[in-house]
Amino acid sequence: MNLNEIIQTYYEYFNKEKLPYIKCTNCGYVFYYPRAICPKCLSKKLSIMESKGEGEIYSETKFVNEKGQVTIIGLIRLEEGFMIYANILTNRLEDVSINKKVKVKFKEVIKGQKFPFFTTIS
C-alpha cells in the first residue's frame, strides 16, 4: 500500500467515525501518522488497525485568541500505545489536564470529511 492509499483509507475510517493507526507486522511498532514504511525498522509490512479511540492526555497547550476564545491542543496517548496530536473539545477548561482520560469524537471540518478530536471523560 502506498502513502496516498493509506491516507485515503484514513479518510474513509474518519467518515465512519473510526480512528485508524498503523502496526508494523515485522517489528510490532504502532504509530498514527500515515507512512508507507515503519519509522522504527523501515519495513513495508504494515497493517491499518482500528483504535478504541480512548486514551489520556500526555501534554496539552491552551491558546487564547484576541476574542478570548480558547483552543486546546493535546498530545494524546492512546490505549494501543501510539500518540496523536489533536484538538481537545471542552466547555470546562478545568477538565483538561495531564493524565485526564479522553475519548475520540469526530467532527465534519470540511464538507463531507470528518476528522478526529478528543473530549474528556470521567
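**Exercise 1. Which residue stands opposite Pro-116 in S8?**

Solution. This is a predicted model, in which local features need pLDDT of at least 70 and side-chain atom pairs pLDDT 80 or more, while totals for chains, interfaces and linings use all residues. Residues are numbered from 1 along each chain as its sequence is written, and side-chain values use heavy atoms, without hydrogens and water.

Step 1. Strands are DSSP runs of E with at least two residues, helices are runs of H or I with at least four, and both are numbered from the N terminus. Two strands pair if DSSP finds at least two bridges between them.
Step 2. S7 and S8 are antiparallel and share eight bridges.
Step 3. Phe-106 stands opposite Pro-116.
Step 4. Two residues separate the strands of this hairpin, and Gly-112 there has a positive phi near 85 degrees.

**Exercise 2. Find the sense in which S6 and S8 pair.**

Solution. The pairing is parallel, over two bridges. Ile-88 faces Phe-118 of S8.

**Exercise 3. Give the strand order of the open three-stranded sheet.**

Solution. Step 1. The order is S2-S1-S3, paired antiparallel.
Step 2. S2 and S3 (46-51) are the edge strands, each pairing on one side only.
Step 3. S1 and S3 are joined by six bridges. Cys-24 has Leu-46 in S3 as its bridge partner.

**Exercise 4. Describe the largest pocket and its lining.**

Solution. Step 1. A pocket is an open set of points on a 1 Å grid over the protein atoms alone, where a 1.4 Å probe fits, with protein on both sides within 12 Å along at least five of seven lines; lining residues have an atom within 4 Å of a point.
Step 2. The largest pocket holds about 210 Å³, the space filled by probe spheres set on points joined across faces, edges and corners.
Step 3. Its lining has 15 residues, with Tyr-32, Ile-84, Tyr-85, Phe-115 and Pro-116 nearest the centre. H1 (3-15), S6 (83-89) and S8 (113-120) each give two or more.
Step 4. The lining comprises 14 nonpolar residues, one polar and no charged. Here nonpolar means Ala, Val, Leu, Ile, Met, Phe, Trp, Tyr, Cys and Pro; charged means Asp, Glu, Lys and Arg; the others, Gly among them, are polar.

**Exercise 5. List the contacts of Leu-78 beyond four places in sequence.**

Solution. Contact means heavy atoms within 4.5 Å. Leu-78 meets Leu-19, Ser-51, Gly-53, Glu-54, Gly-55, Ile-84 and Phe-118.
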